[in-house]
Amino acid sequence: MKRLLMLNGPNLNLLGKREPTIYGNSGLEEVETELRELLDVHGWGLSCFQSNHEGELIDHIHKAEGQFEGIIFNPAAYTHTSVALRDAISAISVPVIEVHISNVHNREPFRRESLLAPVCWGQIAGLGTIGYKVAAQAFLEAEK
Ligand code: DQA
């Protein structure tokens, strides 16, 4: 069975409660369930992991090699700081799509820069949690 991995970084465990005017009212579990349902229709599986710890995210990226067709990754604040996550993505051959719920380009200037986007297949920002589904759709289309 073809499978995707959805990774979410720091503070995204608080989705739905955290700054809802920016990140919306849906919780992470709800977003994961909707994504699982979408992929299920196409016969694909989904694994999900959220962590507030950079090293745990790195470990999951390493372990994804050979296991998944793609990774949907919202690195949250690590997007703007983490050379280690960038190197982890570069170290594997699984394609990664970077997703941001908010439009990082119309917020504080420090959110405009992603250290990870240059080593990702693509980046989606500003579509709310729909962005995760758009990323899944891209992987489905690419594998047709
Ligand atoms: C975010 C944007 C980041 O700048 C921020 O640190 C987050 C969430 C988003 O999904 O819009 O935690 O990745």
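In what order do the five strands form the open sheet, and is their pairing parallel or antiparallel? The order is β2-β1-β3-β4-β5, and the pairing is parallel. This is a predicted model, in which local features need pLDDT of at least 70 and side-chain atom pairs count only at pLDDT 80 or more, while totals for chains, interfaces and linings use all residues. Residues are numbered from 1 along each chain as its sequence is written, and side-chain values use heavy atoms, with hydrogens and water left out.

**Sheet and helix packing**

- Helices (H or I, at least four residues) and strands (E, at least two) are DSSP runs, numbered from the N terminus; two strands pair if DSSP finds at least two bridges between them.
- Strands β3 and β4 (residues 96-100) run parallel and are joined by three bridges.
- Within this pairing, Ile71 has Val96 in β4 as its bridge partner.
- Helix α3 (residues 54-64) lies across β1, β2 and β3 and runs at about 170° to β1; contact means heavy atoms within 4.5 Å.

**Salt bridges**

- A salt bridge is a side-chain nitrogen of Lys or Arg within 4 Å of a carboxyl oxygen of Asp or Glu, and by this rule the count comes to four.
- One of them joins the side chains of Glu143 and Lys2, with an N to O distance of 3.2 Å.
- This pair links distant parts of the chain, 141 residues apart: Glu143 is in the segment after α5 (130-142), and Lys2 is in the segment before β1 (3-8).
- Burial is classed by relative accessible area: buried means under 20%, exposed over 50%, and partly exposed in between (1.4 Å probe, protein chains only).
- Glu143 is partly exposed at 35%, and Lys2 is partly exposed at 33%.
- Arg107, Glu108 and Arg111 are linked in a network of salt bridges.
- Glu108 is partly exposed, with a relative accessible area of 32%, whereas Arg107 is buried at 17% and Arg111 is buried at 17%.

**Annotated positions**

- An unreviewed UniProt entry carries the annotation "binding site" for Asn74, His80, Asp87, Ile101, Ser102 and Arg111.
- These residues spread over 38 residues of sequence and are also spread in space, up to 24.4 Å between C-alpha atoms.
- The UniProt positions are given in the numbering used here, feature names are shortened, and annotations may be inferred rather than shown by experiment.
- Asn74 is found in strand β3 and counts as buried at 3% relative accessibility.
- Leaving aside neighbours within four places in sequence, the contacts of Asn74 are Leu7, Asn8, Gly9, Leu12, Val99, His100, Ile101 and Tyr132.
- Asp87 is found in helix α4 and counts as partly exposed at 47% relative accessibility.

**Ser82**

- Ser82 is found in the loop between β3 (70-74) and α4 (83-91).
- At 1% relative accessibility, Ser82 counts as buried.
- Apart from neighbours within four places in sequence, Ser82 is in contact with Glu54, Leu115 and Leu116.

Conventions. Axes are lines fitted to C-alpha atoms, for helices over the stretch in contact, and angles run from 0 to 180 degrees between N-to-C directions.
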